[in-house]
Amino acid sequence: MIAEIGHLLAFLALASALAQSLIGLTSGGEPVRRLALVTSLTSIGAFGALIVSFVTLDFSLALVAGNSHSLKPMLYRVAGAWGNHEGSMLLWCVIMAGYGAAAALTMRTDALRDRALGVQGLLTAASLAYLVFASSPFTRLDPAPLDGGGLNPLLQDPALALHPPFLYLGYVGFSFVFSIAAAGLILGRIDRDWARRTRPWALAAWSFLSVGISLGAIWAYYELGWGGWWFWDPVENASFMPWLVGAALVHSLIVTQKRGGMSAWTAFLAVLAFCLSILGAFLVRSGVLTSVHAFAVDPERGLLLLAGLAAAGGGAFSLYAWRAPRLLAGPEFDPVSREGALVLNNLFLSVAAALVLFGTVLPLFGQAVGASMSIGEPYFQLTLAPMMGILFLFLPFAQGATWRRAEIAPMLPRLAAAAGLSLLAAGIAFGVYRESPWILPGVAIGAWIIAGALTDLSRRVSPGGWMRALGLSASVWGMTIAHVGLGLFVVGAAVETAARRDQTFVLSPGESAEMRGRTFRFDGVREIEGANYYATEARIVVTRDGVEEVMTPQKRFYPVAGTPTTEVAIRKTLGGDVYVALGDQVRETPGAWRVRISHHPLIDWVFGGAILIALGGFLSLASRRRRDVPVSAPEGAPASSVPDVQSGAEAPA
Amino acid sequence: MRKRSQRLWLIGAAGLLVASGVALAATALKDTVAYFYSPSDLVEKNAAQAGRSARVGGLVEAGSVRRGEGAAVEFRITDGSHAAEVSFDGLLPDLFEEGQGIVAEGRFDGSGRLVAERVLAKHDENYMPREVYEALKEKAGAAAPASYEARPAGAPAT
């Protein structure tokens, strides 16, 4: 019964979304606002019905039968609702409608909001139609099975339960950025006010995407037993491309908002980010990249997504081609200026996104001409590391640059200290881990970003002393925290990648292995029983400087799914993680097991840095809410007379 | 006049960057792209040249798995008509077993044996490495994988 209500609500949401798009695109006002709320509430109702079906284990629902089991813990019963194709598509619709409702509640009423809600309604209607007609989560089974098939045990993990919602808040968040860009193009108004009202949505989507990607990387690190956190897998790249374009967008929006410049380019990025999100959904959902037969089994889904991409992208880019030439160019600026620096940032990030796109889809084309090839980590490292490295060298200069025209000379004494610090940090890191010369540039650049961000912060507060720091706007803090996070990430990623130590030992009870000053004594295994699995647990005593600690990696078997998983044991230390995974039993020697022991230096810097980047994004978002006064930018005003709203410390020397 | 010079340096910078991006991609591709071969391809195309990187996929031949010192293991990958020798030193994926469809990635040594750096096995019931599936021309009977649920063991989700 509940499922039928859910199904009905999904249809009601579809009808409401259609009405929302019709009214939003033609007239607007209070009706479209109400319809946006109705679309959102009905979608949430449908999703609630699905969650209730999952929690109450209604196995007559095909989706529940296929993805849940009576032995599953409660958290994963709920998470099971989106741990599959149909349920996650419903989540996609709910979030899309939710962004529409959030805009209806917070944006001031005018044509831009009405058109944006109209476009958002159209996107939501298309997604809901795809849901109810091509992948309905409310399909019944007759007769109902007695128990379900369970959720893939690898996915029964808190980080992964939260990973899809955050990822979708990011991916789908770009849908509203797309809508507001389309609305701006329809009205021919991509100006400072448009940028000011678009920026919170772009920042929110991009920050959520950062969190979602980080959660996935953290999960891969401890759940898969490989100790890697990024594999340049097509599915990962599918989320990384919108992230790169989103990063370019949140920077170019600054130029459009503060100076009225780069407006056509900003609108282009705003449209592109969501198109890449749909492309990502297509690459992941159609199965075209992981297994071509899955595509053949259900060509409908892949083709529908491709059609959706073509319609959204084609429509928006046609609109763009029609309107962009009429958009006003902003005031002039020197190559050496903050605008110039942000242009450079955008060029680098766009080329990086193009390189990732190329490496991700080239195997697809290879496949089409009959050459099966794979493009892996080396390609992405060789192309992205130099691109990003050069961009990051410029970053501290960019942060110190003034609008319109900047002088390099006054920055040099300030940044000399930062440069010295970064070289020192690189030397220290290389002294500690002499594994690879790549640590030197990696740590130097990471430390250079951090020192540069802090130099910039101290310049902003210096006239009034550190008490002034409290008065700085949230967006300055957001920028500083995000850039410090980026620096920490670069240092961590360089050290972790270059100095990771990883070795597999065969150990009989009582035998020991050594790694980086630690002794690992294997004390044998024991069998234990968990909530819905059996496990073999090893006892490993780690000794360092006479201090003993016990680590207990497990090998689990989930009878419902019939699959084994590896549950690693991780010991956090100041310098990084000690990571132990239990392999398989050695048949030839009774009692001996293969044990994989790894040391991941500075791994927390990688994840911590990524989380700080997201945090910085959210903080910048907070500052928008504080000053909700429309910026009236007189068209054609001389550039110098446009006040710098945000950075009060941006005083001319 | 100034408008024009601004446009010029913008286009110049963009052009330079795009050109270096293309050059980077081309050099990186040349060194790192790994083609997929079935064991029969290796024989027919004489592809097992020392030092070449490749992916070889098929079924783990029954009775071919030999454990060596420590974590070292050797086995053969078969597609029914030919078999390829593979050596690997590391933890095999949880689902590695004889008769299982796998893909080994690595470089060939002087004797034509693939020294694998990575071994991918199917991750759950829904996934069989695409190339193995094609090479074997078998029906895997798998449903469309839902997002992160079905992916190769060596290539996890975000």
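These are my notebook entries on two chains of a predicted model.

**Ground rules.** I number residues from 1 along each chain as its sequence is written, and chains are lettered from A and ligands numbered from 1 in the order in which they are written. Since this is a predicted model, local features need pLDDT of at least 70 and side-chain atom pairs count only at pLDDT 80 or more, while totals for chains, interfaces and linings use all residues.

**Domains of chain A.** I looked up the division of chain A and found domain 1 (1-151), domain 2 (152-373), domain 3 (384-499 + 605-619) and domain 4 (501-603), with bounds that come from an automatic or database domain assignment. The C-alpha centres of domain 1 of chain A and domain 4 of chain A are 43 Å apart. Their contact takes 5 residues from domain 1 of chain A and 5 residues from domain 4 of chain A, where contact means that C-beta atoms, placed from the backbone, lie within 7 Å.

**Helix H6 of chain A.** I then followed helix H6 (residues 111-134) of chain A, whose 24 residues reach 34 Å from the first C-alpha to the last, close to the 34 Å expected at 1.5 Å a residue; the expected span is 1.5 Å times one less than the number of residues. Helices (H or I, at least four residues) and strands (E, at least two) are DSSP runs, numbered from the N terminus. Because 19 of its 24 residues are buried, H6(A) is largely enclosed by the rest of the structure. A residue is buried if 20 or more other C-beta atoms lie within 10 Å of its own, exposed if 12 or fewer, and partly exposed in between, with C-beta atoms placed from the backbone.

**A sheet in chain A.** I traced an open sheet of 4 strands in the order S2-S11-S10-S9 (chain A), with antiparallel pairing, and strands pair if DSSP finds at least two bridges between them. Its edge strands are S2 (501-507) and S9 (569-573) of chain A, each pairing on one side only. S2(A) is joined by 7 bridges to strand S11 (residues 593-601) of chain A, and A:Val506 stands opposite A:Arg594 in S11(A).

**Two positive phi values.** A:Arg516, not a glycine, has a positive phi of about 45°; A:Arg516 sits in the loop between strand S3 (512-515) and strand S4 (518-529) of chain A, and is partly exposed, with 14 other C-beta atoms within 10 Å. A:Leu602 has a positive phi near 55° and lies in the loop between S11 and helix H19 (603-626) of chain A, but A:Leu602 is buried, with 25 other C-beta atoms within 10 Å.

**Chain B.** Finally, I noted that chain B has 3 helices and 7 strands, and that 47% of its 158 residues count as buried.

Note on methods:
Two residues are in contact if their C-beta atoms, placed from the backbone, lie within 7 Å.
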